[in-house]
Amino acid sequence: MLTVMTTLLVVAGVTLGVRMAQQTGGQQELYAVTQKRMERIQKALHSFAATHDRLPCPADGATKKDGVNFALELRQPVGTGACSITSQHAALPWRTLGIPFEESLDGWGRKISYQVCGDISGPGATVSNADRHIDPYDPRNSCFGFSVKNFGTEKKQVAWVLISHGPSGVGAWPAECLPGNCRPQPSPASPDEQANLNVPGTTKFVRRAEEVLDLDPAQSPSHFDDMLLFESVDELQKISGFPVGSGFLNIIDLTKGRLQSGNPKGDEVVFNGRVSDKNKIIFDGGLHWGNVAVSAHPGALLATNGEGSALGVCASARNCGSDTASVLDKNKFLKFSLPAGKMAAGFGLRIFSLEPRAEMVLTFKRPQDAQTLDSKVSLNLPIPKFPDFAGKGEIKPTFAHPPQEFSEVTIQPTGSSRFFISAIRFCRENESCT
């Protein structure tokens with residue numbers, strides 16, 4: 001009897017394992033179908049943005065197939081107004097995007113939800129002029145509050161989000177609505193899945209590992225099987241053919257990659273770890289300013305912090321093994337120069353500080369026409385702490401407006417201040433620097 005029972009248990013276990021493997025394989029196949037369709041939708045959004053310089057509003061998921069506005073973006077007033085679909089009704093406007101009906105559905109045959117930031121889809125909004133202030137925490141940034149909690153890390157300034165509500169389909173709209181009966185699948189009990197329905201007033205979505213197997217019931221608070229695909233405003237600008245930061249705010253991030261872009265032929269920059277082989281680097285400063293030059297005090301070498309995300313100076317290549325060695329201090333300076341024929345009316349910067357306060361002097365000059373401005377700006381500012389920078393403080397952007405236009409600015413810490421410069425911005429006349 002014991003042998004028979006053992007055999008039955010083994011057979012039952014093998015059968016369950018086979019069924020689970022079949023279920024896993026089948027669901028993975030549908031996940032793959034959904035992923036490919038989302039990627040094709042992403043390309044359609046890029047094409048729409050490149051043609052119209054904006055993104056479409058969502059369609060109404062509750063509209064029946066024979067409805068006038070079925071699968072079309074909806075605005076109020078029509079054609080020029082704000083997006084008129086409430087968040088929980090937002091579906092992909094596949095007719096507006098010009099893609100086939102089947103491509104608008106996920107692998108389980110339900111409508112893919114589409115959420116979009118109003119700053120690049122509303123009245124007068126454009127992708128090319130999306131605001132990007134020098135401070136990533138500035139709430140005036142376009143789509144600042146439109147974000148995704150991506151595997152635990154919040155991604156800000158998201159342009160759009162595509163959501164498949166997974167195998168369970170809780171919260172999803174059916175592919176076709178029956179006359180007089182067009183309701184979404186039951187609302188989810190999971191807080192994370194509720195967030196992806198984008199309850200009015202909420203603009204934070206959640207992406208985490210999906211459950212391929214339905215280990216939690218669909219109405220369990222721990223259930224999660226949503227699939228998300230999203231894109232930042234910067235990524236959308238770049239892929240759609242607009243220069244990143246191509247709005248009126250032209251920010252120059254001083255990353256190692258930026259410093260190696262646009263170098264003159266024969267004068268390319270080589271980094272050995274954090275230290276470069278140059279005292280002066282000419283790099284791509286963006287669409288309006290062209291090639292910008294940065295130089296250090298004589299004999300020094302331009303260098304970055306350990307992450308390669310901000311600029312400093314090393315006294316020599318041998319002594320450049322830590323942030324303490326490559327950080328700017330009172331004995332070092334950085335000078336930024338615009339190309340011939342370019343003048344700025346204001347200047348902004350963002351720094352990573354190793355100290356609780358940052359003191360510095362900014363000196364403005366105009367060497368192209370032999371004029372030296374007497375304009376100096378002294379700054380003494382507290383540094384707020386942000387967890388993103390591993391204990392380093394990031395200064396809230398500070399802007400200076402000398403009385404005359406200039407083409408060169410020198411930045412030098414004073415006192416005990418020590419910091420890296422992570423971004424700069426030259427401002428044009430009558431341009432809001434903040």
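**Salt bridges in a predicted model**

Asp323 and Arg274 form a salt bridge, and their closest N and O atoms are 2.6 Å apart. Asp323 sits in helix 6 (residues 323-326), while Arg274 sits in the loop between strand 12 (271-272) and strand 13 (275-276), so the pair ties together parts that are 49 residues apart in sequence. The model is predicted. The count of salt bridges comes to ten.

**Burial of the Asp323 and Arg274 pair**

- Asp323 has a relative accessible area of 15%, so this residue is buried, because buried means under 20%.
- Arg274 is buried too, with a relative accessible area of 14%.

**Lys278 and Asp277**

- Lys278 forms a salt bridge with Asp277.
- The closest N and O atoms of this pair are 3.2 Å apart.
- Lys278 counts as buried, at 14% relative accessibility.
- Asp277 counts as partly exposed, at 39% relative accessibility.

- Arg75 is buried, and its relative accessible area is 6%.
- Glu73 also counts as buried, at 17% relative accessibility.

Terms used: Residues are numbered from 1 along each chain as its sequence is written. This is a predicted model: local features need pLDDT of at least 70, side-chain atom pairs count only at pLDDT 80 or more; totals for chains, interfaces and linings use all residues. Side-chain values use heavy atoms; hydrogens and water are left out. A salt bridge is a side-chain nitrogen of Lys or Arg within 4 Å of a carboxyl oxygen of Asp or Glu. Buried means under 20% relative accessible area, exposed over 50%, partly exposed in between (1.4 Å probe, protein chains only). Helices (H or I, at least four residues) and strands (E, at least two) are DSSP runs, numbered from the N terminus.
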